[in-house]
Amino acid sequence: MANAADLIQRRQRSEFQSQVRRTLFTAIKGNPDLTPSILKLALNDALTYEKATKSGGPNGSIRFSSEIGRPENTGLSAAVSLLEEAKKEIDSYAKGGPISYADLIQYAAQSAVKSTFLAAAIRKCGGNEEKGNILYNAYGSNGQWGLFDKQFGRADAQDPDPEGRVPIWEKASVQEMKDKFSAVGFGPRQVAVLSAFLGPDQSATETLLASDPDVAPWVQKYQRSRETVSQTDYEVDLITTFTKLSTLGQQINYEAYTYAPPKIDITKLKL
């Protein structure tokens, strides 16, 4: 049974999350061309995770100039700059301390994913935003984000993660992609469903992935799913995979962003 303090903390975290989502949604809506970069930023920050040493992962280390400047992160600086501006706004209203870069990057990717889902619904409604929003809210996957939303409280790394852990996706073979995903516990299915994270042109990435007999069936499955009204298989599997990716090797502080509520001076109450 949750006690009163637990319920207060949950409400505080939920309210802060809602504010963060609004800020990130607005930032991404104003810069839609950066959506692929935000997805790749979250992926590359997470895939520094190494199971053998239990180091790396989605810890915000990609923000350091020596890491963002690596070849695999070419072109991602603009996404970092956008998130730094968003962070200033978020920190200005945060009551329980500044948001970590680790959380910021993964939650920005969540907002980017949701924006792609919503954009797909709008396209299926002939570009009508009102009808697209109704379609997405009625048949979309919003209700599948519960576990992701609980994982709020990642700590920031204080140094860059080691080099050589993330491939240059644009130059990697499908086998190299599978090997990297396998190293963190993922298989061909997860490679396919995260195709939008692997490069700016999802169609071109999927064409490459479909050349591999292990990945091809999953690519075809998700392409068929995206043609349906609800995209259920694609959206649910993407959310499930991204949730796991976004916590690789991380210890979540479930009290992060909570704060002591202001005390009430009962002597000033007029009863």
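The largest cavity has a volume of about 60 Å³. On a 1 Å grid over the protein atoms alone, a cavity is a set of points where a 1.4 Å probe fits but cannot get out, whereas a pocket is an open set with protein on both sides within 12 Å along at least five of seven lines; lining residues have an atom within 4 Å of a point. Grid points are joined across faces, edges and corners, and a volume is the space filled by probe spheres set on the points.

The model is predicted: local features need pLDDT of at least 70 and side-chain atom pairs count only at pLDDT 80 or more, while totals for chains, interfaces and linings use all residues. Residues are numbered from 1 along each chain as its sequence is written, and side-chain values use heavy atoms, with hydrogens and water left out.

**Cavities and pockets**

The whole structure holds 2 cavities of 30 Å³ or more. Among the residues that line the largest cavity are Phe117, Lys124, Tyr136, Tyr139 and Glu235, and H5 gives the most to this lining, with 4 residues. Helices are DSSP runs (H or I, at least four residues), numbered from the N terminus. The second largest cavity is lined by Leu41, Ile62, Arg63, Val80, Leu83, Glu84, Tyr101, Leu104 and Ile105.

In the largest pocket, 29 residues form the lining, and Ser115, Thr116, Phe117, Ala119 and Ala120 are the closest to the centre. H5 provides the largest share of that lining, 10 residues. In the second largest pocket the largest share, 6 residues, comes from H1; Asp6, Arg10, Arg13 and Glu255 are among the lining residues.

The table sets out volumes and lining classes; Ala, Val, Leu, Ile, Met, Phe, Trp, Tyr, Cys and Pro count as nonpolar, Asp, Glu, Lys and Arg as charged, and the others, Gly among them, as polar.

| Space | Volume | Lining residues by class |
|---|---|---|
| Largest pocket | about 660 Å³ | 16 nonpolar, 7 polar, 6 charged |
| Second largest pocket | about 300 Å³ | 2 nonpolar, 4 polar, 6 charged |
| Largest cavity | about 60 Å³ | 7 nonpolar, 3 polar, 2 charged |
| Second largest cavity | about 50 Å³ | 7 nonpolar, no polar, 2 charged |

**Nonpolar core**

A nonpolar core is a set of buried Ala, Val, Leu, Ile, Met, Phe, Trp, Tyr and Cys residues joined through side-chain atoms within 4.5 Å; buried means under 20% relative accessible area (1.4 Å probe, protein chains only). The largest such core has 68 residues, and Ile38, Leu41, Leu43, Leu47, Phe181, Phe242 and Leu245 have the most contacts inside it. Helix H5 (residues 101-124) gives the most to this core, with 11 residues. Beyond its neighbours within four places in sequence, Leu47 is in contact (heavy atoms within 4.5 Å) with residues including Trp169, Phe181 and Leu245.

**Aromatic pairs**

Rings of Phe, Tyr and Trp (its six-membered ring) pair if their centres lie within 6.5 Å; planes under 30 degrees apart count as stacked, over 60 as edge-to-face and the rest as tilted. The count comes to 15 aromatic pairs. The ring centres of Phe16 and Tyr257 are 5.1 Å apart with the planes at 50 degrees, so this pair is tilted. Because Phe16 lies in helix H1 and Tyr257 in the segment after H12, the pair ties together parts that are 241 residues apart in sequence. Phe16 is buried, with a relative accessible area of 4%, and Tyr257 is buried at 7%. Trp169 and Phe181 form an edge-to-face pair, 6.0 Å centre to centre and 75 degrees between the planes; both residues are buried.

Definitions and conventions:
Buried means under 20% relative accessible area, exposed over 50%, partly exposed in between (1.4 Å probe, protein chains only). Helices (H or I, at least four residues) and strands (E, at least two) are DSSP runs, numbered from the N terminus.
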